[in-house]
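Hi everyone, thanks for making time this morning. I'd like to walk you through one structure, so let me put it up on the screen.

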Amino acid sequence: QAEAEAKQRLTKVQSKASKMLDGADPFTETIDKGGTTYYRARFAGLDKDQAEAACKYLKRNDVECVTTKY
C-alpha cells in the first residue's frame, strides 16, 4: 500500500533479474480498490517474448509476476 515499498520492490526485482530486465523501464502505478490506494511495481518496454521470459524467471525465483499488453 506504500509507494516507497513498491519502489523498493522494483529495485530488488531489477537486481535479481538484471539481465532479463535490461532496457526495461521500472515504474509504479497507482490503483484505487475499494477506497484503498495500492501501488503496483511494473516494468515496461519489453517485447512479448522478453516479458514472458523475464516473468518465468522471476516466478522461479519466488517473485509474483504477470505479463500484460499495453
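**A disulfide, a core and a pocket**

Let's begin with the cysteines: there is one disulfide in this structure. Please keep in mind that what you see is a predicted model.

Which residues make the link? Cys55 and Cys65 do, with 2.2 Å between their sulfur atoms. The two ends come from distant parts of the chain, 10 residues apart: Cys55 sits in helix α2, and Cys65 in the segment after α2. For those of you who like geometry, the link of Cys55 and Cys65 is left-handed, at -135° about the S-S bond.

Are these cysteines buried or exposed? Both Cys55 and Cys65 are buried. They also both belong to the largest nonpolar core, a set of nine residues that takes in Val13, Ala17, Leu21, Ala24, Ala54, Leu58 and Val63 as well. Helix α2 is the biggest contributor to this core, giving three residues.

Have a look at Leu21 while we're here. Leaving aside residues up to four places away in sequence, Leu21 touches Val13, Gln14, Phe43, Leu46 and Ala54.

Now over to the largest pocket, which holds about 950 Å³ of space. Its lining is made of 29 residues, and those nearest the centre are Ala41, Arg42, Phe43, Cys65 and Val66. What classes of residue line the largest pocket? We find 18 nonpolar, eight charged and three polar ones.

Notes: Residues numbered from 1 in each chain as written. Predicted model: local features only at pLDDT ≥ 70, side-chain atom pairs only at ≥ 80, totals over all residues. Heavy atoms only, no water. 1 Å grid on protein atoms, 1.4 Å probe; cavity = no way out; pocket = protein on both sides within 12 Å on 5 of 7 lines; lining within 4 Å. Points joined across faces, edges and corners; volume = space filled by probe spheres on them. Nonpolar A, V, L, I, M, F, W, Y, C, P; charged D, E, K, R; others polar. Core = buried A, V, L, I, M, F, W, Y, C linked by side-chain atoms within 4.5 Å. Buried < 20%, exposed > 50% of the residue type's maximum accessible area, 1.4 Å probe, protein only. Helix = DSSP H or I, 4+ residues; strand = E, 2+ residues; numbered from the N terminus. Contact = heavy atoms within 4.5 Å. Disulfide = S-S within 2.5 Å.
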